[in-house]
Amino acid sequence: MTDSPEQVIRNVLADLPRHRGVVVDSPPGAGKSTLVVRAAAHIAATGEPLMIVAQTNEQVDDLVARICDKHPHLTVGRLSAGGYVPPLRMLELPGVRVGTRIQDLGDPDIVIATADKWAWIGERVWPWAIVDEAYQMRSDKLLRIAGLFERALFVGDPGQLDPFSIVDGDRWSGLSWDPLQSAVSVLLRHNPGLPVHRLPVSWRLPASAAPVVSQAFYPFTGFRSGTGPGDRWLELTAGGMGTVHDRALEEAARSGWALLELPNRHTVRTDGEAVQAVALLAQRLLQRGAVAGSEQGERPVTADRIAVGAAHRDQVAAIRAAGLPPEITVDTANRLQGREYDVTIVLHPLSGRRDATAFHLESGRLCVLASRHRHACVVVARAGIAELLDAHPSAEPVQLGVPVKFPDGWEANQAVLEHLSRHRV
Amino acid sequence: MGGRGARLYIVDLQIYLDIAKLLENSGTVGTLAAMGDRLDELERRIDGLRAAVRRAMRARDGATARVLRAELRSAERAWDQLVSGEQSPAKREPLPLVTVREQVHQGLRLLGATAQPRLIVAVGDAFFGGTLRSDRLTSLRRDEERSFRSSPFGRPYYLCAALTDRLSAARGLLTLSTWPLERRVVGPLSPRVDFLTCAIAVGGQRGGDERAVRLLIRMARNIPGATDGGLGPPDPERVIAAARAELRVHAERDTHDRAELARRAAAQLDDAARLFGAATLSTITKEKAK
Amino acid sequence: MSLLTSLARLRALDEGIAQPVATVRHCHLAERPMVFIPLKLSGEAAAPLAAMLGTDRGDPRLLVVPQPRNRDLRFAWAAELAGVLLPYVEGFLGDTETVERRNADPYERTVDAPQIIVPNQGGMAFVRLLGRSTRFRRTDGPYPVPESVPLLGRWLTYFAERAAYPGSSLMLAATDELGRHWASGQSSLEDANLAALLSWITTGPSDDAEDPLVWPPAGPATDPGFDAEVLAPAIEGGSPERVAEALRTQLEPTWRLMWQAIDLLAGLPEGASVAQRWEQDRGSFSGMAAHVAEGTPPQARRDGAVAAAAKLARMERAQAAYDVQRAYDDPLVMAEYRLTGEAFAGEVIETVPDNVEGEGRSRKLRPLVVIKTDDPVRLAPGTSLGTPQRRTQGAELVSADDGLVTVKITKGMGRGRTAAPGAVPEVGERVCYTSLTDDFQGSPSLPESEATPWTHGGPPQEYTPDDEDAQEEWS
Amino acid sequence: MTGLMREGDPVRRLEVLRGTTPPRPHDARAIAALAANPGCARRALMDGAGIDKDAAARHLGFPAPFGQSPFAITRGNAFEALVKADGCAELLRMLRELLGLPIAEVAYHDVENVGAHLRHAHTRALIDRAARDGGEGAPSPEAGAEATAPPATETAGPGEAVSTAGTLYDHPLLSLRIAGHTAYLEPDVVAFQLGGRFRIVEIKSFAVIDGQADPSSVAAAARQAAVYVLALRTMLEELGHDPLMVSHDVVLVCPENFANRPVATLVDVRKQLAVLRRQLDRMTTLDRLLDGLPDELTFDLRPDEDGRPTRPVAELSDALRRTTARYAPDCLSTCDLCFFCRDEARQEGASDLLGRQVRDELGGVASVAEALGLADGTRDPAEGQEEIARLLRNAERLRRECLT
């Protein structure tokens with residue numbers, strides 16, 4: 001049916017010289033970084049200079065490390081803002097130079113920086129660019145840097161959160177260059193003929209998660225997991241005590257999913273009981289000596305392999321304050337984008353609410369939270385979300401000339417909830 | 001700003017001073033105070049009545065609202081008279097020299113095809129210095145039918161309804177009794193064919209004013225190839241050529257459909273129905289109910 | 001809306017009177033604001049029906065279109081409106097001051113600027129649409145208009161554009177400004193009704209406020225009942241006096257409310273940053289006036305790619321600054337951040353004014369301050385802090401435990417070996433620190449519009465208003 | 001997809017609820033409004049029973065604050081007449097420009113030319129013929145596309161064979177099943193057929209200015225158009241055709257800028273269709289709501305011969321209060337009964353009055369007095385209220401500190 005991942009990558013590379021721009025949609029964990037590294041090496045091999053654009057310093061550092069790891073012969077210039085302190089591992093890498101000005105970098109094969117940093121660079125044009133996380137990049141950022149390159153490969157995940165602004169941007173809606181749209185939307189509206197490829201296989205999501213995430217958040221394109229049903233396992237080496245938390249972890253270890261449902265009640269956002277449950281789950285997971293097994297071998301699920309996700313910053317602060325080991329990542333969906341863990345614990349965005357807003361229903365938010373794990377995802381929520389969805393009024397305004405975005409947040413939430421209900425404890 | 005008597009009313013807070021001036025000019029200074037009192041009283045009454053009418057309307061109490069409205073109108077008339085000095089400001093429309101009936105006849109003859117009242121009015125405006133208003137055309141057809149039924153063929157022409165494919169009267173389409181049946185029936189393509197025919201007629205007409213130009217612009221806009229996309233007035237020859245070109249696409253089938261309909265009308269309808277349409281089932285039931 | 005505002009609303013509902021949510025006024029109030037209450041014909045996008053306007057509460061001007069379906073009369077109305085608004089706007093151009101700038105030529109800035117106050121968001125939208133429908137008009141050609149009409153259109157467009165900038169006071173909507181300073185006991189949706197909101201603030205809620213017979217809507221839409229029962233018959237009757245009188249009844253009550261709203265706002269002391277924002281308004285206004293004087297064409301129908309991005313950057317910057325300034329100016333606004341743990345206030349219980357860090361040349365003075373607070377602090381050590389008490393000062397959170405917060409002053413205590421007098425708070429002083437800081441970060445430049453890249457459609461066709469813009473029918 | 005309510009108990013119960021008051025037929029606007037506040041049981045029951053909420057509100061002394069200006073009505077009618085004038089000349093131009101409608105496709109059928117009682121049957125016959133003739137041989141690229149393809153706007157290819165089935169159908173009379181009843185939709189749309197594909201044309205008189213229109217007006221138009229799309233799909237399905245022959249892209253016709261000149265825009269109504277289906281499905285589950293109510297409960301207005309309600313107001317009001325409303329300020333723009341329910345919320349001191357967002361912020365605290373009591377510390381938090389109590393007390397402390 002669909003091409004193999006390898007074939008897709010080859011098609012992408014073949015398309016590069018044929019089109020001014022090439023877009024690659026990558027569902028969660030589908031080897032986006034691998035593609036970027038391969039494409040970078042492929043372009044560098046032609047002898048032509050390449051610039052790479054990522055969105056955050058972490059993403060830049062990560063890409064630098066990956067490129068050096070796979071292609072140690074390549075020279076990489078890491079461009080940064082004044083206040084940036086490079087991590088130690090970066091300074092140890094051979095072939096990498098760090099600087100705040102292009103002139104400081106020598107003449108490397110690849111120059112890499114955040115979009116924000118690139119926007120300050122001028123007076124030079126690169127024949128090639130790779131733009132990473134292009135769906136999370138606002139189009140006004142692309143406008144600032146698009147003059148720097150002749151051709152570009154845009155890579156990103158269309159299912160995650162859309163870029164946003166603190167001001168109301170309705171005045172530009174419907175414009176093909178609406179600055180609040182993602183870089184890819186604007187690019188494709190002006191260049192509808194550009195090829196769009198899709199990476200078909202998620203290497204991160206286990207067989208238990210790929211179909212759920214694919215159907216709920218990628219209904220038109222879809223993807224499958226790279227591993228089969230038995231290829232990943234999670235074992236709790238220490239025995240449990242039969243509490244709901246233990247049972248939730250056991251269900252997650254068994255099936256890859258668990259819904260720890262608290263009694264139906266309307267609560268404030270920082271619902272103490274739910275926060276407590278999330279914290280307890282994380283602690284118990286460590287206490288029970290979870291071990292994850294996969295195609296990469298067997299390893300204990302240490303604190304740094306666990307993430308806790310929530311919708312709001314105050315929820316994150318409350319969970320942090322509940323006393324988790326600092327190595328556990330606790331963050332909002334926005335900041336968990338592009339990250340990967342063995343086990344995730346999620347406070348459901350609709351938990352304890354009486355009404356949902358567009359923010360809480362945004363499909364990208366749930367998609368990020370439900371697709372960060374390699375082994376299992378445990379969701380904490382109060383009962384009553386089904387009723388909330390049922391009672392949700394539908395009166396979203398419609399802007400002329402703005403393509404309808406799919407999936408609909410309501411439908412995606414409904415699909416995920418239905419799946420979770422089969423793993424309820 | 002056409003300068004056609006465009007007036008603007010800037011009224012400041014001291015309306016009474018304005019009125020005073022008005023009255024002064026008309027030489028009634030002595031009665032100023034009395035007038036002011038009367039105006040005050042009238043305005044209070046008008047305000048009260050308006051509020052009452054709106055309250056009644058909100059409660060959907062139509063009967064009360066009607067009574068109150070009548071009182072309100074008479075109070076308002078009194079106010080108008082007082083402010084503007086006796087005569088009512090309602091404009092008298094000049095009596096038309098040509099009857100409505102004749103104007104419609106003229107319009108249809110110019111167009112040469114079945115048309116909606118709107119278009120007939122626009123043609124009247126453009127070429128005959130029109131005084132027609134489309135709301136006056138609504139009762140026309142019924143009057144014509146009544147006249148025909150009381151003395152058949154007593155007039156040289158009748159304004160009648162186009163006939164649908166069910167041989168009933170088409171809604172809002174006027175036609176001329178003197179035309180052959182084929183022109184008075186409408187098949188599915190006929191509205192378009194008739195529009196194009198009308199556009200050719202309008203394009204071929206000379207001597208209209210700016211309203212004629214605007215009518216042609218409006219029609220040309222909706223015919224492929226009739227304009228060069230500019231904003232200036234279209235070239236009439238080009239409009240005619242474009243309309244003819246599209247007409248050729250529809251003509252054969254439309255002629256065939258209409259001939260078929262005309263045959264059926266001739267075979268099935270009596271004289272009156274051939275002009276004014278067969279009664280539909282619903283109108284028959286209504287008649288019976290009476 | 002925060003829980004703090006929600007609580008104020010609950011309190012208002014319970015006590016039957018609106019509650020303050022600000023202790024100072026956050027908008028500039030001009031000495032001579034132009035109050036402008038437009039009405040439009042129902043069912044039309046922006047067909048004017050009437051307006052009441054003026055700078056003197058005792059002397060409003062009433063402008064009426066006696067036959068709103070007549071386009072000539074509408075343009076005549078627009079010309080009349082221009083006759084009132086343009087002299088008002090131009091009256092501020094004479095008195096200017098020279099502003100020196102770094103890396104740029106000095107420029108002339110007016111010492112004061114016009115201010116238009118409309119009743120509500122609908123009024124703002126009407127100003128925008130009226131501007132859009134008049135700025136492309138021509139004084140010659142098939143549908144000529146007086147010279148003042150397109151000029152009015154450009155100014156109205158400018159005012160509407162500027163109103164979208166957070167913190168700008170060139171054009172205000174009364175309901176918005178009232179809502180920023182008082183919390184009523186009704187929903188924010190109902191607050192859009194000027195009469196209702198004002199009655200909450202002054203006398204307490206009243207059902208009359210929603211009765212169009214008592215308080216006609218503040219526009220631009222008229223009450224349908226009024227349209228049916230009063231206006232339509234008046235227009236039909238062909239009596240301009242009666243139309244004018246009818247519309248006066250709809251506008252006068254709102255006129256009174258508008259001045260009442262202005263009085264209420266004027267009763268609040270002005271926030272510390274208001275003058276600074278007004279200065280930016282004056283600069284912007286002067287810039288627009290210069291554009292007009294130079295004969296640049298009217299504003300485009302919609303922003304091009306570069307213009308949109310530039311405007312977005314400026315608006316985001318303005319929003320961030322406005323949020324910070326309001327919190328610094330107003331303890332009640334700052335309280336919202338204290339509630340969420342992004343700010344804290346309390347009493348200084350200990351200081352180490354001569355604390356130093358580092359050795360030798362990198363030895364730096366870093367005074368320490370310990371504050372006792374009841375606020376829940378949710379800030380991580382190392383967070384940069386600012387304080388409304390010493391606005392130029394920078395600080396850093398050292399630790400926060402059990403109601404005791406240690407703060408290290410990093411900036412703005414003088415260059416000497418000891419802190420400048422008054423730079424370090426005294427024991428017993430009440431202070432407030434917050435992670436909310438107004439650090440201005442310049443935004444990187446955008447390409448010239450002619451250099452719009454291929455990703456955004458390439459260079460746009462140069463915009464020249466064409467005949468179509470000018471001749472567009474105004475039905 | 002239609003309301004598959006079994007004849008029997010729930011239907012009878014709904015009839016009892018309505019009593020002797022004549023049913024209010026559902027029009028497209030009313031059906032579209034079902035999604036406005038689905039969580040409101042009072043509204044669901046009244047809509048399900050076909051009760052005239054407007055009449056009830058007036059009788060209760062809480063007339064709805066809605067009304068349409070005669071100017072707006074005149075403007076709407078005039079604009080529609082303009083679009084359809086001269087054999088839909090303007091509409092044909094727009095469809096040619098927007099969708100590449102071939103020149104030959106101009107056939108026009110006005111369903112209103114037949115008697116009212118025949119219109120539905122006539123519509124069926126015309127649509128059936130169009131689906132058979134138009135669909136012949138012409139593969140419908142859109143069929144099935146809804147489920148598998150990303151959003152895309154498709155245009156009809158040029159040079160397609162002239163169909164004999166007709167192109168424009170004015171005033172088609174469509175129907176939908178709602179809670180066991182057939183609702184006939186007021187036929188103020190044009191259906192349009194090309195190559196066996198149908199589209200709904202919705203004519204609205206709000207302006208599109210520089211390509212943009214008021215988003216809430218567009219949304220309302222899209223919701224209504226979705227009702228017609230669904231009704232037309234249902235009709236095709238009943239006739240044995242593929243329901244996906246009806247496009248989810250509707251043609252919205254509005255005046256452009258400040259003139260009367262019409263402009264057409266395609267609006268994708270897939271989301272509105274999904275919502276509508278959901279709401280119609282819900283209408284079939286009213287029995288759940290009915291179960292909790294006393295058997296004899298009725299909202300009957302007991303109209304006299306002139307249609308004037310005679311039911312004692314207090315009695316009707318009591319009956320309505322037996323059902324749970326879910327008032328939110330948004331109701332003020334969508335529901336005829338809004339002032340009645342707002343009044344009820346005021347009497348109860350419900351925090352719903354302040355809006356959904358405030359209500360959510362207060363967690364589980366529903367009453368104003370309770371929230372203030374927690375803030376003042378005069379009321380001890382119930383179980384589960386400790387947190388909101390702490391937050392409220394903190395907020396109260398801060399307000400006091402800043403205001404004194």
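What is the mean pLDDT of chain C? It is 91, and 97% of the residues of chain C reach 70 or more; pLDDT is the predictor's confidence in each residue, from 0 to 100.

Before you click around, here is how to read this tour. This is a predicted model, in which local features need pLDDT of at least 70 and side-chain atom pairs count only at pLDDT 80 or more, while totals for chains, interfaces and linings use all residues. Residues are numbered from 1 along each chain as its sequence is written, and chains are lettered from A and ligands numbered from 1 in the order in which they are written.

**Stop 1: chain C by itself.** Select residues 3–303 for domain 1 and 331–434 for domain 2; such bounds come from an automatic or database domain assignment. The centres of these two domains of chain C, taken over C-alpha atoms, are 43 Å apart. Where they touch, 5 residues of domain 1 of chain C are in contact with 6 residues of domain 2 of chain C. Here, contact means that the C-beta atoms of two residues, placed from the backbone, lie within 7 Å. Now pick residues 471–475 of chain C, where pLDDT stays under 50.

**Stop 2: chains C and D together.** Of the 5 pairs of chains in contact, this one shares the most contacts. Chain C brings 44 residues to the contact and chain D brings 41. On the side of chain C that touches chain D, color α1 (3–15), α3 (121–134), α7 (224–236) and α11 (331–339), each of which supplies at least two residues. α1(C) gives the most, with 10 residues. Helices are DSSP runs (H or I, at least four residues), numbered from the N terminus.

**Stop 3: two helices in chain D.** Select α8 (residues 215–238) and α9 (residues 270–283) of chain D, which pack at an angle of about 70° with their axes 9 Å apart. Axes are lines fitted to C-alpha atoms, for helices over the stretch in contact, and angles run from 0 to 180 degrees between N-to-C directions. α8(D) and α9(D) are therefore roughly perpendicular to each other (65 to 115 degrees). To see where they meet, show side chains including D:Ala222, D:Val229 and D:Leu230 in α8(D), with D:Gln272, D:Leu273 and D:Leu276 in α9(D).

**Stop 4: chains A and B.** Which distance separates the closest C-alpha atoms of chain A and chain B? They lie 24 Å apart, and no contact joins the two chains.

Technical notes
Parallel < 35°, antiparallel > 145°, perpendicular 65-115°, else oblique.
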